[in-house]
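Here are my notes on the model, as numbered points. Please read them with the coordinates open.

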Amino acid sequence: MRPVLIRGGRVIDPASQRDETADVLLADGRVTAVGRALGTPDGAEVIEAKGLVVAPGFVDLHVHLREPGREDVETIATGARAAVAGGFTSVCAMPNTDPVTDNQAAVGFIVSQALRAGTARVYPIGAVSLGQRGEQLTEMGELVAAGAVAVSDDGKPVATAHLMRTALEYALTFGIPVIDHCEDHTLSAGGAMHEGLISTRLGLKGIPRAAEDVIVARDIALAGLTGGHVHIAHLSTAGAVNMVREAKSRGVRVTAEATPHHIALTDACCEGYNTNAKMNPPLRESHDVEALRAGLADGTIDCLATDHAPHHYDAKEAEFDYAPFGVVGLETALGVAITELVGPKILSLPALVARLATRPAEIAHLAAGTLAPGAAADVVVFDPAAEWTVEPAAFFSKSRNTPFAGRRLRGLVRWTLVGGAVVHRSGDAAPGR
Amino acid sequence: MSPALGKDLLGLEPLSAEDLRLILDTAEPFKEISERAIKKVPVLRGKTIVNLFFEASTRTRISFEFAEKRLSADTVNVATAASSVQKGETLVDTARNLEAMRIDMVVIRHAASGAAKFLADRIQSNVVNAGDGMHEHPTQALLDLLTIRDHRPIAGAKVCIVGDVLHSRVARSNIWGLLKLGAEVAVCGPQSLLPLGIGALGVRVFRRIEEAIEWADVLNVLRLQLERMQSGYVPSLREYYRVFGVTEERLARAPHDLLILHPGPMNRGVEIDSRVADGPHSVILDQVTNGVAVRMAVLYLLAGGRPELAEAAKGGGER
């Protein structure tokens, strides 16, 4: 493979406290040098990055790639391609596929499909319980040996406090986080959107904030009890942000993520029964959005994660109650984050890179998220000022269910490299389908 | 399409006070047609209307059907059990198939909130919402308004909606309609059956029925769905009647007589005492009569009928 010299960009690598104009040299799949005026090795490919940001490839702790089971809406290959189009070089695939990723063979299948696809690195997340049924723990040792980097029953909460306790304890042996989707089903059952004035007007059953908050409180108490590492998926409420902040101040091993849509949108997007604004947890109110942004700013919320959830257009073309929850997010995450967080000066660009690359890599203990010499040559080069319009038809994902269609965003990925090879450049066209 | 009303009637929230008065005023001349020996005028002759009922309904469906037939429309009833929904057909496909049959209007009742709008956005025919989930039931609220107006001005009236407001499309449509026409509106029921933040819609909330009765001029008493007990919203019918039942004893303590409405079907002895339902201040059967007239007015206006000709239309002249 030819060496690659990325020349003259603003190199932002929070892991090595670097934010300066520099060249980055990649060879043999590794970062070999970062510095000023590096010479161009013979035969090297040169990427001119003047005016652009050069950062470690982004890491997404929360994607649904739908394979195996729903290859009609996404495959590991199309999901990984969408990932690199969004600047993500590593993604962690949730286990709620069909069949569920609850054994080493299923983990191995995802690893091998990702290798065949050859774009983003895909790290499987194993289930906490067999079949995600909330009864019996999975063989986490075997899952980890096969390549799993975390466990979760995502799509649902870990069913009982006892199971969560034992999962946190058992996972300590393997040093992996337990990721929880915090939702008390007895409070949320039948709900389709945030419970508030808009749900009352639309006549839709609401999902109260408390459905999330009571399980976040449970999980924090159990992490405190066990010393285990709980990672709270997709925070959506101001109350949950406050609980995580308070728990961290006491030294509880809790980390948390927020999605781009929860930091950008409110339940007002559901007006007109817009099913592309239907997700779980639901879009909440502006003071929750403010709390999430503040949590990202002060580090209470460690990272952004997309909760990329592809659905067939037929499925979203339905009555609001009957449409599935979820939106795609890989290809809009950077633009939404720059527009909604960097633009209003809630995060600096280095802080954003930390939330998109450094911290998520640390949480899942991935060898990623840094441009330190010797690190894997996973790099994103993006233009923080370029504006573009979200056109779902141009997505690399098989699915189009985004609440950002038609939105003008700032921040565009120019190149994405994985293992030193260019796997995406802006202007690449998605294959027709 | 009537310039006054638009293509569809999906709810009362988007309508203006003027729109509401137009419908009510248009209903007035249609009331008389149902009193004739020959209850038929030709204003919708040649129009085809599909009554698409995805949810069980007796009185609303029959009321629409009478309204359509008395306006000489050709009607087809599609009920859930007989439809292809049971075979897994989506509402989109149902809509496209109806469109392909070149129908003029659809009256839809559906368990999902927003289903009427969903259909209306996808077909060119006029769509009338006959109740969508917990969202709106506009013709029910219109007939309630017409019934109140028969007895007293709506502006300034104090109307309290009693019972399961949380799950009630009738309550939501009534709140919009009454507020727009200048009534004062309150709701009363156990907090477990009132939506969070209902006060923000501009209504007063009473925790106790006694206080509501003391305040109100009109009570609109909602049906308590029996399944609400199984879902844990209220402990028992007996207790509901004791705490929230509209009884003669409670009404007797009111400072003045109250008009009593109920959208039906009633659970006698649960939300309402039989002596109240059958008593002198009950207008429950007037509501049913007015329902046909109001639906005739809505269909007539949506089909392009001009309000000023409604009086003439009943004479049988062509539009």
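Predicted model: local features only at pLDDT ≥ 70, side-chain atom pairs only at ≥ 80, totals over all residues.

Which residues does Thr101(A) touch, not counting residues up to four places away in sequence?

1. In it, Thr101(A) touches Pro95(A), Ala106(A), Val107(A), Ile110(A), Ile125(A), Gly126(A) and Ala127(A), leaving aside residues up to four places away in sequence.

2. Thr101(A) sits in the loop that lies between β7 (88–93) and α2 (104–117) of chain A. Its relative accessibility is 1%, and because buried means under 20%, Thr101(A) counts as buried. Leu143(A) is 42 residues from Thr101(A) in sequence, while the C-alpha atoms of the two are 8.8 Å apart in space.

3. Strand β1 (residues 4–13) of chain A has 7 buried residues out of 10, so it is largely enclosed by the rest of the structure. Its pairing with strand β2 (residues 18–27) of chain A is antiparallel and runs over 8 bridges. Within that pairing, Ile12(A) stands opposite Asp19(A) of β2(A). The hairpin of β1(A) and β2(A) has 4 residues between the strands, and Gln17(A) takes a positive phi near 50° there.

4. β1(A) also has parallel pairings. To strand β4 (residues 45–48) of chain A it is joined by 4 bridges, with Leu5(A) opposite Val46(A). To strand β5 (residues 53–56) of chain A it is joined by 2 bridges, with Val11(A) opposite Val54(A).

5. In chain B, 4 strands make up an open sheet with parallel pairing, in the order β2-β1-β3-β4. β2 (74–79) and β4 (126–132) of chain B are its edge strands, each pairing on one side only. Neighbouring strands of this sheet are turned by 15° against each other on average, direction ignored. Strand β3 (residues 105–110) of chain B runs parallel to β4(B) and is joined to it by 5 bridges; Ile108(B) stands opposite Asn129(B) there.

6. Chain B also contains an open sheet of 5 strands, in the order β7-β6-β5-β8-β9 and with parallel pairing. The twist from one strand to the next averages 25°.

7. Within this sheet, strand β5 (residues 158–162) of chain B pairs with strand β6 (residues 184–188) of chain B in the parallel sense over 5 bridges. Val162(B) stands opposite Cys188(B) in β6(B). Helix α5 (residues 138–151) of chain B lies across β5, β8 (218–221) and β9 of chain B, and runs at about 165° to β9(B).

8. How many residues line the largest pocket, and which are the closest to its centre? The pocket has a volume of about 840 Å³. There are 33 lining residues, and Glu55(B), Gly133(B), His167(B), Arg169(B) and Gln225(B) are the closest to the centre. By class, the lining has 8 nonpolar, 14 polar and 11 charged residues. At least two lining residues come from each of α2 (59–70), α6 (169–180) and α8 (227–230) of chain B.

How values were computed
Residues numbered from 1 in each chain as written. Chains lettered and ligands numbered in written order. Heavy atoms only, no water. Pairing = 2+ DSSP bridges. Axes fitted to C-alpha atoms, helices over the stretch in contact; angles between N-to-C directions. 1 Å grid on protein atoms, 1.4 Å probe; cavity = no way out; pocket = protein on both sides within 12 Å on 5 of 7 lines; lining within 4 Å. Points joined across faces, edges and corners; volume = space filled by probe spheres on them. Nonpolar A, V, L, I, M, F, W, Y, C, P; charged D, E, K, R; others polar. Buried < 20%, exposed > 50% of the residue type's maximum accessible area, 1.4 Å probe, protein only. Contact = heavy atoms within 4.5 Å.
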